[in-house]
Amino acid sequence: MSITSQASQRITALLDDNSFVEIGAMVTARATDFNLKQTETPSDGCITGYGVIDGNLVYVYSQDASVLGGSIGEMHAKKIAGLYDLAMKTGAPVIGLIDSAGLRLQEATDALNAFGEIYKKQTLASGVIPQITAVFGTCGGGLALFPALTDFTFMEEKKARLFVNAPNALAGNEISKCDTSSAAFQSEEAGIVDFVGDEAAVLGQIRDLVCMLPSNNEDDNSFVECTDDLNRAEASLANCVGDTSIALSTIADDNAFVEVKAAYAKEMVTGFMKLNGITVGAVANRCEVYNDEGEKTASFDAALSPAGCDKAAEFVSFCDAFNIPVLTLTNVNGFTADKCSEKKIAKAAARLTYAFADATVPKVNVIIGKAYGSAYVAMNSKAIGADMTYCWPDAEIGTMDAKLAAKIICDGQGADAVNECAKEYAYLQTSAVSAAKRGYVDAIIEPADTRKYVIGAFEMLFTKREDRPAKKHGTV
């Protein structure tokens, strides 16, 4: 491996010291058209091999932009496909470091076929081994499908470009008006990118994520010894109903929570944490965002949006594929109500409902605020398969706010009658106690004790097995 190429330097920075073993270093381009035979193509523009991250085996390919722009040709793709074959045999993640001009025009149909071969390998590996892509340079055209076919995508914040059609090729647009290839657009608007940062930060974030994930869908080596107090009480949790990313960090072992797609659909939080040393996937509604200084930077309605539903559904499906238990913090009063959302919300909410109902991993739900209507049902309710459901004492669970319900029930009866009806409705239909009496909540817990109860629930559910009707796959 060349010690001077940027592609090799990225691998060195990513992996544990001196752990990388290169495969296929002697491979060069096979095509001879357009004077390719006279062009130096070391490793055919792609360094491939394996190494370890914190002791975990990973396979890595890193595109070398100094060799024909890192463009993908026949042998370049053959190396990546071979790496996938090894990863599938040994059950270890594949990490792709992208910096490529795209399709190698000199190889034409051979290069096109090469793209297709990699697409197929990625598809076969989906749900079997974790796949991670990091974009450091250009990732355009058909190459943009690479990160979209993988589980997690990282992007360098300034130099990286990710697009199917270049910004200037879009009708009515040019790059100074809206840079649709930028990390900001792809993370905040498109929702393809999970993490953004400078090159060093991206490589560090990949290491953090790999240490959270199992190596494959059968062998779980993601367990670590927990040194945190399993019964740790946190009085501050009661103040975290708005920003649940803070709540999840507070609950987690050593307060470590790795949020994914943090910039996209911020009203829905998704990410990974350790609870008693075991990796757990977390999904939570959010209506406030606070920065590190404790200042509120954004606020939302406590509602399910199409983007939030899709974000959560995709995350839950990943967790289920890799046998990662799922924890939800529910605080939702309905669906977003505007014309744009109405085009997509029914399908998106159905996807979210399907993802939770279809998942057979241990599922625990904690209702921390409002839980109204079918939006609550979609958020991992007991009705669609939550194994254990807890709620905080002030939680409200029902069809709608008690005052709104009273106005409908006591229509035309005057303000006093409506107020009296609202009190009665709140007690009989929307209180935590009434939900617990009907068996929709397993226990009412104090916010400070949430960590203790959640850990206990997942320990109890560790050996969970659940049979489902035989079918090839669902269609939602």
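Colleague: How many residue pairs are in polar contact between domain 1 and domain 2, counting pairs with both at pLDDT 80 or more?
Modeller: Keep in mind that this is a predicted model. On the domain 1 side, helix 5 (183-188) and helix 6 (199-212) are the elements that give two or more residues to the face touching domain 2. With both residues at pLDDT 80 or more, the count of pairs in polar contact between the domains is one.

Colleague: Okay, and which residue forms a salt bridge with D194?
Modeller: Across the interface of domain 1 and domain 2, the rule finds one salt bridge. For D194, the closest N and O atoms of the pair are 3.0 Å apart, and the cut-off is 4 Å. The partner of D194 is K261.

Colleague: What area is buried between domain 1 and domain 2?
Modeller: The chain is assigned as domain 1 (6-211) and domain 2 (222-392 + 445-461), with centres 31 Å apart over C-alpha atoms. In contact are 17 residues of domain 1 and twelve residues of domain 2. Carbon and sulfur atoms give 64% of the buried area, which is about 1100 Å².

Colleague: Is C139 buried or exposed?
Modeller: Buried means under 20% relative accessible area. C139 has a relative accessibility of 0%, so C139 counts as buried.

Methods. Residues numbered from 1 in each chain as written. Predicted model: local features only at pLDDT ≥ 70, side-chain atom pairs only at ≥ 80, totals over all residues. Heavy atoms only, no water. Buried < 20%, exposed > 50% of the residue type's maximum accessible area, 1.4 Å probe, protein only. Domains from an automatic or database assignment. Contact = heavy atoms within 4.5 Å. Buried area = accessible area lost by both parts, 1.4 Å probe. Salt bridge = Lys/Arg side-chain N within 4 Å of Asp/Glu carboxyl O. Polar contact = N/O pair within 3.5 Å; in protein donor to acceptor, adjacent residues only side chain to side chain. Helix = DSSP H or I, 4+ residues; strand = E, 2+ residues; numbered from the N terminus.
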